[in-house]
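Please look at the sequence and the model before working through each solution.

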Amino acid sequence: MPELPEVEVTRLSFAEGISGATIVAARLGLPLRWPLGVDPQQLQGQTVRAVRRRGKYLLIDLSEGLLLMHLGMSGSVVFAAALADAGKHDHFDLETSLGTLRLNDPRRFGAVVFASGEADPVAIKLLGRLGVEPLGDDFDALDFYLSLQQRKAPIKQVLLAGDVVVGVGNIYASEALFLAGMRPTTRANRISRPRAVRLHAAIRQVLARAVEKGGSTLRDFSNAQGESGHFQLEAMVYAREGEPCRQCASVIKSIRQGQRSTFFCPQCQKP
DNA sequence: CACGGATCCTGATGGC
DNA sequence: TGCCATCAGGATCCGT
C-alpha cells in the first residue's frame, strides 16, 4: 500500500512512540532487497532519536547511525508494546524499551539498511538521486517546469522515476495527471509552463489530501466501498478501465507504460 | 546521460 | 487441496 501518503502516515503512527527508546535487540527474517543491509548487533544499545521520511524511505535516526526502511510494494509496519511471534512475512523486528517495530513484507521488495549517517555512501546511494519533496516548500512550480523541459520521456514515467519529484507512485500518478487534465503519454519536454504549473498543483493536492485522509489508499478505499467517511478518495481513473469518467462519462482507457498500468480519460486529459 | 526493458518475490484473481 | 497465466501500490541494474 505504500506511496508517499501511506509512508508518511506510517511514520506519524510510530514516530512519537518510539522516540527515546533504547534498542534491546533486532531480528531478521528472510532476506529483503538488500539482505546484508543491517547487522542486528550494530543496533543493540542504540537510542532512537527521531523518525523522518524522505520520499518513500523511513529514516530512523539513532544515537550512532541511521536506519533506512523502505516498504517496497507490499510492506507495512506495526509498532506495539507486545507482538505475537514473527509470522511468515515478518522480516525485521526492532525490539526497544518502548515497544517493538515490525516490518511485514510478503513480496520482500522492501529494505532495511543501516548507515552511519546521511553522509554515509550507503545512504547517499539510496537517497542521493531523489527529487524534491512534493509537499515541502522546495517544490517550486517554475523549477518543476524547468526540470520537465530536460526530459523527453512520457510524463507518467518521469513522475514515477522519482528523480524530479519523489513520492508519486503508480496510483497517484494517474490521479494527478487526471486532475491536471494531462495525457500520461505526453513527453515531459512538450509540456508548456502553464500546464506544468497545473500539474505541480495537482500533485500537491492529490498527495496532501491522501495524507489528510489518513493514508487510505485509493485501492484500499475502493475495496472498502460502503464504509462511510472516505468518499473523497475514490479514484477518478485508477483501475477504472471501461467505466465511465466521473467528470464527462467517456470510457476510461488503460495502457501500459514501462510495465505499469496507466489509466486516463481520453476526453478530459489532453496530449 | 537518459531511456526502456528485465528483474527481484509472493499472493490474489480469473479463465479454462 | 486444480492448473496456469496474469497482475499487483517499487526501484534497481543493465544495455543502448
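A salt bridge here is a side-chain nitrogen of Lys or Arg within 4 Å of a carboxyl oxygen of Asp or Glu. This is a predicted model, in which local features need pLDDT of at least 70, side-chain atom pairs count only at pLDDT 80 or more, and totals for chains, interfaces and linings use all residues. Residues are numbered from 1 along each chain as its sequence is written, and side-chain values use heavy atoms, with hydrogens and water left out.

**Exercise 1. Describe the salt bridges that R102 forms with D93 and D90.**

Begin with D93: R102 forms a salt bridge with this residue, and the closest N and O atoms are 2.8 Å apart. Both partners, R102 and D93, are buried, where buried means under 20% relative accessible area, exposed means over 50%, and partly exposed lies in between (1.4 Å probe, protein chains only). Next take D90, whose side chain meets that of R102 in a salt bridge at 3.5 Å, N to O. This second pair links distant parts of the chain, since D90 lies in strand β6 (residues 90-96) and R102 in strand β7, 12 residues apart. Helices (H or I, at least four residues) and strands (E, at least two) are DSSP runs, numbered from the N terminus. D90 is buried, as is R102.

**Exercise 2. Work out how E8 is placed and which residues share its network of salt bridges.**

First locate E8, which is found in helix α1 (residues 4-18). E8 counts as buried because its relative accessibility is 13%. Then turn to its partner R11, which forms a salt bridge with E8, the closest N and O atoms being 2.9 Å apart. Because R11 and E8 are 3 residues apart in helix α1, about one helical turn separates them. Finally, a network of salt bridges links E8, R11, R53, R54 and E133, and a search of the whole structure finds 11 salt bridges.

**Exercise 3. Find the side chain of opposite charge that is nearest to E3, and list the contacts of E3.**

Start with the place of E3, which is in the segment before α1. E3 is buried yet has no salt bridge, and the nearest side chain of opposite charge, K56, is 5.6 Å away; Lys and Arg count as positive and Asp and Glu as negative, while His and the chain ends are not counted. Leaving aside neighbours within four places in sequence, E3 is in contact with K56, G167, V168, G169, N170, I171 and Y172. Among these, N170, I171 and Y172 are buried in α6. Helix α6 (residues 170-179) is mostly covered, with 9 of its 10 residues buried, and the helix is followed by G181, whose phi is positive, near 70°.

How values were computed: Chains are lettered from A and ligands numbered from 1 in the order in which they are written. Contact means heavy atoms within 4.5 Å.
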